[in-house]
Amino acid sequence: MKSQTTLSPALASQTVPLSLAQARRLHLAAQGLLRPLGRRPRPGDVVAAIERMRLLQIDSIHVVARSPYLVLHARLGHYDGSWLDEALAQGRIAECWAHEACFVPAADLPLHRAWRERGAHWAHRHAARMHRDHRADMDGLLERIRTQGAVRAADFPRADRGVSGWWEWKPEKRWLEAWFALGELMIPRRERFQRVYDLADRVLQKLDPPFVPSPLDTPGLRQRFILDSVRALGITQARWIADYYRLKPAVDDAELAPLVAAGELTMMPVQGWSAPGYVHRDHAALLDKARAGRLRATHTTLLSPFDPLVWDRARAQAMFDFEYAIECYTPAPKRRYGYYVLPILHRGSLVGRLDAKAHRSEGVFEIKSLFLEPGQQASGQWVGDVADAIARTAQWHGTPTLRLERSEPSAAGRALRAHWKRAGLAG
């Protein structure tokens, strides 16, 4: 009689792929988007959400709320946006270049400053070139801040008034940003979202927890960022990892193999994926729940175009079958959906998108257009959940009156308007 090899329960379970729905729920749980918060948010929830995501991308477009505030709203609900500003001023978070310009937990700043010294991010290389080309002016600006204190870009008048846009920044703004990228300046606080720049040494003294330089070498830092990316994403293919912190070269399965062997990561196949998924060891319990079907997606919300859930187009396509591009930087004639399009997350799926604008002086939240994904039906629970999610976002903006101009299909628009009319919210 032949002997049979018996796999351990843990090893045997890894040979059974997760369904795509289970992988989605694990991804959403890690990102804080599986279920609503379930209680009133508190100031500490802002820092906790950033710690969960590892970073919060900064963008200044504010046709609706600026992106970092909107990303937090999707996870926390009706919170006070000043809590983000306070967390920065208290030194509990900091600004640096990571995915792009981001807020990061204060505890992670030593990693980012050590990585900056390697010149690994494009912003660092660009800033070094600027310093070479404008050394005298930039050194003079740094000396002014050293002797006279923190400054804003607005403290420097410009000759060509009326010109605006980041591509037309005045020289002082460019030099301040270059010193920020080079690590000589940091942002102790913001005033009406405008950066205040001060010497890094002064800002570092106020961080909570206190700043301690990282002892990690380049390979150690890269491995740390890889592990943090996998933890933030919940489950991910190797090819999606590098984008989270803009690592180069790309991460592949061979680089992850030692981390799997060491027990830092679990390799997890997913139905429909040609490549394996990876799960951080900190999410072992979530993985077990996902595998057992005990992760339920109950959250419906609007997402920022710069939300980690959707900023990687390939990941959003593979994970949610959702084709998405940020079109605010696309010329208007070439836009497919609109200027500032917010994906709609509904109970574990990305079910549509809307192009919105908050008219704060009028108290109106305008939806210029709303598009459902193929196969979505605007009926029953779908209508109530999505209509309420849009209304919550509008009320948080201080624009409680809802105005929907058009939708595809048109029946979705009629159903949403009827729901809002019954609630006294339709404009």
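Modeller: L233 is buried, because its relative accessible area is 0% and buried means under 20% (exposed means over 50%, partly exposed in between, with a 1.4 Å probe and protein chains only). This is a predicted model, in which local features need pLDDT of at least 70 and side-chain atom pairs count only at pLDDT 80 or more, while totals for chains, interfaces and linings use all residues. Residues are numbered from 1 along each chain as its sequence is written, and side-chain values use heavy atoms, with hydrogens and water left out.

L233 belongs to helix 11, residues 218-233; helices are DSSP runs of H or I with at least four residues, strands are runs of E with at least two, and both are numbered from the N terminus. Leaving aside residues up to four places away in sequence, L233 touches H27, A30, Q31, Y244 and R315, where contact means heavy atoms within 4.5 Å.

R246 has a positive phi of about 55 degrees although it is not a glycine, and at 27% relative accessibility R246 counts as partly exposed. Most residues other than glycine have a negative phi, and most peptide bonds are trans.

R192, in the loop between strand 5 (185-191) and strand 6 (194-199), has a positive phi of about 50 degrees without being a glycine; at 82% relative accessibility, R192 counts as exposed. Another cis peptide bond, again with omega of about 0 degrees, links E408 and P409, the latter lying between strand 15 (407-408) and helix 17 (410-422).

Helix 4 (residues 67-76) has 10 of its 10 residues buried, and just after helix 4, G77 takes a positive phi of about 80 degrees. E327 counts as buried at 9% relative accessibility, and is found in the loop between helix 15 (313-320) and strand 11 (341-346). Residues up to four places away not counted, E327 touches K334, R335, R336, Y337, G338, Y339 and V341.

For the whole protein chain, 52% of the 427 residues count as buried, within a fold of 17 helices and 15 strands. Among contacts between residues at least 6 apart in sequence, 65% join residues at least 24 apart.

As to confidence, the chain averages a pLDDT of 93, with 94% of the residues scoring at least 70; pLDDT is the predictor's confidence in each residue, from 0 to 100. Over residues 1-13 the pLDDT is below 50, and beyond near neighbours in sequence this stretch has 4 contacts in the model. Where pLDDT is low, the predicted coordinates should not be read in detail.
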